[in-house]
Structures are given as structure tokens and as C-alpha cells.
Amino acid sequence: MKKRIVFASLTALGLILVCVFALSSFNKGFATGVSEDFQMDKNTLVKYLGYDETVIIPDNTTVISAAAFEGNSSVKKVVLPKSLKEIGYNAFAEMDNLERIVIPDSVEKIGTSAFANCESLSSIYIGSSVNEIGSSLFAGDDNLKVIEVSEDSKYLTCLDGVLYSADRTVVYEMIPGREKNFYVFPDTVSAISPYAFWGCKNLEHTIVSDKVSAIPAYAFSGATGLKSVTLSFNTKEIQSKAFENCVNLEQIFIPDSVYFIADSAFDGCDKLSILTNALSNAEKYATDKEINAIYSAEYDINLASTLRENYAKEVAEKKAKEEAEAEEKFFDITKDDSLGAAIIVNNEAVVLMDPTKIKLAESTSLNDTGNGYDAVLEEKIEDNIIPENLFYLKSDLT
């Protein structure tokens, strides 16, 4: 009886070991679908540990944690899964060689500085569902010149190198690589995100819209190219470090409407003069902070608008000149004996014929009386109509 009990116990133990081994094998087999380079916590990618140039994030990943790829200088391209919902703080920051990113339509939230200081990042696509974003998403991305937002997005839009809310009431961020040296706020804008203009080296002159009542903390911080700013008569506050380290800022117009200016608003602005009226709060602030107060403008307060108008005029003139040159090139075909010219329009070949030279019945290369060419041509050309398929397969047409 004891032998049977021992045997039964051993059998039970064997079954347990087999089950444990089988479960272990199953788990191991399941894990092989995900590279050991991915440190996962269920559906959250905690950290990428690899050094591949192209990284395909595992399917079913819903969250990319804070700093998951931060500082990885090997990765050039990341393919995000359609299951992804959230990209965390600094998730892809400091990636020196990351070139392009496509955010799928499934993503709803992007954390602060998610793509900051990626010096090779040149373009990004944002899907339709992103409805929550942090500040300074692309701060320090000096080569970033293109942000494309899905046409189906109800939350974001990107126009003229600036990322806005869909209704253009909020300026989220100016693309660091935007090349124009002026920016006039649209009349719709009523709010500016912190760090919205951080690191914008090309921006020199800007005019803030009438609906903006407060310049928030860090709004223009680090905008090293900025030279002049014009605030509206509806502006009431300039908050802490709003223009911190704008090292080339020479003039800001602060109207009488501004009643509060934070002590640190202009830290690091050593070239600054405040254009204001006598006895204003801005004048008192300038005196207290030993900042030069001026009462006549060194930069026209409407300079950004003037630059915008001149730019629009130059673009229109350039376009008109190009169209005129194209018309001359392709329509002025009287200089030689050619019957016409070919151009490409929307990737389709278009042949332009000179009606004054269409005497095709007299052309020896097309003369084929056996097929009735002369009769057809003479009849149709009188009505200024060239028959269908007339030149089809005519390899001898000169």
C-alpha cells in the first residue's frame, strides 16, 4: 500500500513538473514574438534597449513610457503600431539621428517634450485622434521644417509653420525650422502655450493678436533670433520668464493696458529696450529693473505686418514671372519650324500646337493618300479640329 502511495506521489510530482515545463515553454514561445530589446510591462513599452536603425514597435503596444527612447543615437526610423494610444514625456527626446516620425490615427495623447532636441528630425505626421499634447514637443529640432496634420483631425492644424488648435485659438508651437523671420498672430488666437516659441532662431519680429490677454510663462523663452515684439492694447500680463534668454531682443512695445510684469519676465535679455508711454507700469518696471525705457520706436511696431505684406508681394511677383516665362517658353513657337511644344501638367504630357502652322496636309512625313490622310486633314483643319489618333504610331513625325 505504501509503495502505491509513493508511486502515486511521484506520478503527481511528475505531472506537476511536466505542466510547469509546458507552461514555461509556452511563455517562452510567446515572448519570442517580442525582441529582448523591448522592455515591456504588459502593453506598455517601458524602454527600448537596442541599437537598430529601424525599430518596429510590437503590435498591441498602447503606451510608450516617458524617456523610452531618450538619448538613443542609433535609431533613424521608428514604426509606431496602430494600437498605440499614448506617447509619454521625453519618449523620443535627444535622439540625434531620428529623421521622421509618423504618429498613427490611434494616438490620443503626446507628452511634453516627446520629440525635443532631435537634431536630424525633418518631418512629422500627426494622426487624426491626437487631442492632448504637452508643451515644447519639438523644442530644439532645428531641422524640423514640416509638420503634417491629418485632414480628419478635429483638434489640431498646422499652418505656415505653426501648430494650432483646430479652431486656431491656441498657438501650441512654432516649428523650430520655420524659415520666415516674421510672424503676425492670426486674429483668432487668444492663448499661447508655454515654450511655444522656444529655440526659434529664425523668428525676428512678431505682433501678438488683440485677443491674447496674457503672455504665459516661458512663451518666448529661448527665442534667440527675436529682435522686436509688439503687444496689443488688450494685453494685461507678462508672466515669469516669458522672454527669458531672448538674447537678441532689442525692443518690446508694452502698452498701458499691461498691469503686471513678472520680475523674471526678461531675464537674460541684455539688449532690451522697452517701448512704452511715460508713467506707465512698463516704464516703472523698466526703471526698477534698470532696463532702458524708450518713447519712440527703433523698430516700427508694425514691422512684422510690413514684412508679411512684402513677402506676399514677392511671392506673387515671382509666381507671375514664372508663369510668364513658362508661357513664353511653351507658347512662343514662332522662332522655328516646330508645330508645337510639350509640357508636363499634373504628371500628364500636354502637347501645345501652333494653329498658324497646322498645314499638315502639305507635310511629306504625314502624306499618305492611300489612307486618305490628305482629304481628312484638309477637311478637318478647316474647322480647326485635328482628328483622333491622327499621329498614333507615326514614328516618322518630325
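The dialogue below takes up strands, salt bridges and aromatic rings in turn.

Mentor: Please note that this is a predicted model, in which local features need pLDDT of at least 70, side-chain atom pairs count only at pLDDT 80 or more, and totals for chains, interfaces and linings use all residues. Residues are numbered from 1 along each chain as its sequence is written, and side-chain values use heavy atoms, with hydrogens and water left out.

Trainee: How many strands form the open sheet, and in what order do they lie?

Mentor: Helices (H or I, at least four residues) and strands (E, at least two) are DSSP runs, numbered from the N terminus. Two strands pair if DSSP finds at least two bridges between them. Here 6 strands make up an open sheet with mixed pairing, in the order 1-2-4-6-8-10. Strand 1 (38–41) and strand 10 (132–133) are the edge strands, each of which pairs on one side only.

Trainee: Which way do strand 2 and strand 4 run, and how many bridges join them?

Mentor: Strand 2 (residues 44–48) and strand 4 (residues 63–64) run parallel and are joined by 2 bridges. Opposite T44 stands V63 in strand 4.

Trainee: How many salt bridges does the rule give?

Mentor: A salt bridge is a side-chain nitrogen of Lys or Arg within 4 Å of a carboxyl oxygen of Asp or Glu. By this rule the count is 9 salt bridges. One of them joins K201 to D142, with the closest N and O atoms 2.9 Å apart. K201 lies in the loop between strand 16 (191–192) and strand 17 (205–207), and D142 in the loop between strand 10 and strand 11 (146–149), so the pair ties together parts that are 59 residues apart in sequence.

Trainee: Is D142 buried, exposed or partly exposed?

Mentor: Buried means under 20% relative accessible area, exposed over 50%, and partly exposed in between (1.4 Å probe, protein chains only). With a relative accessible area of 33%, D142 is partly exposed.

Trainee: What separates D288 and K284 within helix 2?

Mentor: D288 and K284 are 4 residues apart in helix 2 (residues 281–288), and are therefore separated by about one helical turn. Their side chains meet in a salt bridge of 3.1 Å, N to O, and both residues are exposed. Salt bridges may also form a network, as the one that links D160, R178 and K180.

Trainee: How is a pair of aromatic rings described?

Mentor: The description uses the distance of the centres and the angle of the planes. Rings of Phe, Tyr and Trp (its six-membered ring) pair if their centres lie within 6.5 Å; planes under 30 degrees apart count as stacked, over 60 as edge-to-face and the rest as tilted. The structure holds 15 aromatic pairs. In one of them, F38 and Y48 have ring centres 5.3 Å apart and planes at 50°, so this pair is tilted. F38 lies in strand 1 and Y48 in strand 2, so the pair ties together parts that are 10 residues apart in sequence. Both F38 and Y48 are buried.

Trainee: What are the centre distance and the plane angle for F92 and F115?

Mentor: F92 and F115 form a stacked pair, at 5.4 Å centre to centre and with 5° between the planes. F92 is buried, with a relative accessible area of 0%, and F115 is buried with a relative accessible area of 0%.

Trainee: Which residues do ring pairs link into a cluster?

Mentor: The cluster consists of Y183, F185, F197, F220, F243, F266 and Y285, linked by ring pairs.
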